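Trainee: Please show me how to read a few local features. Where shall we begin?

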Amino acid sequence: MRPVRLMKVFVTRRIPAEGRVALARAADCEVEQWDSDEPIPAKELERGVAGAHGLLCLLSDCVDKRILDAAGANLKVISTMSAGFDHLALDEIKKRGIRVGYTPDVLTDTTAELAVSLLLTTCLNADQAGGWTSWKPLWLCGYGLTQSTVGIIGLGRIGQAIARRLKPFGVQRFLYTGRQPRPEEAAEFQAEFVSTPELAAQSDFIVVACSLTPATEGLCNKDFFQKMKETAVFINISRGDVVNQDDLYQALASGKIAAAGLDVTSPEPLPTNHPLLTLKNCVILPHIGSATHRTRNTMSLLAANNLLAGLRGEPMPSELKL
C-alpha cells in the first residue's frame, strides 16, 4: 500500500499557540515554519515556499509574482493572519486559481479599543511643551470629546465599533465618508454621510478606519490637512499609505492641525530619524491594533483553519472572494 503523500505547508513566522497546535494536528500536512519572531528574509521565503501547497503568511510578508513563481504550481491556498490583504498580489493570485483566507472579524473590538485609547492619549496631550512645573491655566491643555464632531473615514465593522465606543463620551455629531452611504449602519449613531473635504473641514476629531485601496492611497494629503481645523486631531489606525506622511508632518509642524495619533505608518517601523518622530504633537504606536492575547490566538487559529480547509477542498471559515 502506497503511503499517503503529505501536503507541504510553509508558515512565515512563529504564530500564537492555538494556530500552531491546529497545524501540528493535521495528519495530512507537513509543516515547515520560519522559526523566528522577526520577518522572514525574502530569499528564505522563496526557499521555504518552493513546492508548497499552502502558505500561511502575515501582513508584513509581500506575496508578489516573484514569490508565487518561486512557489510553483503546487500552491493552492494562501492564508494570511490579518484582516488586510494589500500585501498580496491579488490579480496574480486570482489568475493562478489560488484561494485566499484572511481574518477580518476577530480583531474588530480590539482595534476599536486601541483607536479610542490612541485618540484619548493624543487629544488630551496635544500640547506637551515644557516640563512639569507649577500649575498654569493653559498648561498641557488638550481637546475633549464632549459636544464635538467626530469624522470617520470608513464606516465598516471597525469604524462602527469605534463610533459605538465614542458615543458615550458626549460626541454631538458623527460624520462619515466612504465609497457609498451606509444608512442602516449609520442610523445607530445618527451619522451623516458627507464628502471627504466636508468631513475634513467640519470634524474636531478624524479617525481613518478604511481599507487601503487605489482610491484611498494618499487620501489624506496636503489638501486634506489644509481643510482641517487648527484645533483638530487626526488618528490613523488603517494603513500607513492612506496618509501622505510628508504632508502630515508639515501640517503638524506648522500648527495647521493640533495633533496626530498613528498606529500605522509607512514603512513599519519608521526609520529612527523620521521627522514625525521629532514632533511632540504626534503619538506613534507600533501597529498594535490587534494586540491582545485572545485576539492574536483567535487570528492564528482562524488562519490555520482557513489554510487546512482550503487544502482539503472544503469551505473556508473566512475566504476572500477574488
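Mentor: Just after helix H2, Gly51 takes a positive phi of about 80 degrees. Helices (H or I, at least four residues) and strands (E, at least two) are DSSP runs, numbered from the N terminus. This is a predicted model: local features need pLDDT of at least 70, side-chain atom pairs count only at pLDDT 80 or more, and totals for chains, interfaces and linings use all residues. Residues are numbered from 1 along each chain as its sequence is written, and side-chain values use heavy atoms, leaving out hydrogens and water.

Trainee: Which residues of H2 are buried?

Mentor: Buried means under 20% relative accessible area, with a 1.4 Å probe and protein chains only. In H2 (residues 42-49), these are Leu45, Gly48 and Val49. Seen down the axis of H2, they fall within an arc of 90 degrees, so they line one face of the helix. The arc is taken from the directions from the helix axis to the C-beta atoms.

Trainee: What covers the buried residues of H2?

Mentor: The cover includes strands E1 (7-11), E2 (29-33) and E3 (54-57), and helix H3 (65-71).

Trainee: Where is Arg13 placed?

Mentor: Arg13 sits in the loop between E1 and helix H1 (17-24). A polar atom of the Arg13 side chain lies 3.3 Å from the backbone oxygen of Glu38.

Trainee: Why does Met299 count as buried?

Mentor: Met299 has 3% relative accessibility, so it counts as buried. Met299 belongs to helix H11 (residues 293-311). Its contacts include Met81 and Leu107.

Terms used:
Buried < 20%, exposed > 50% of the residue type's maximum accessible area, 1.4 Å probe, protein only. Contact = heavy atoms within 4.5 Å. Polar contact = N/O pair within 3.5 Å; in protein donor to acceptor, adjacent residues only side chain to side chain. Lists of a residue's contacts leave out its neighbours within four places in sequence.
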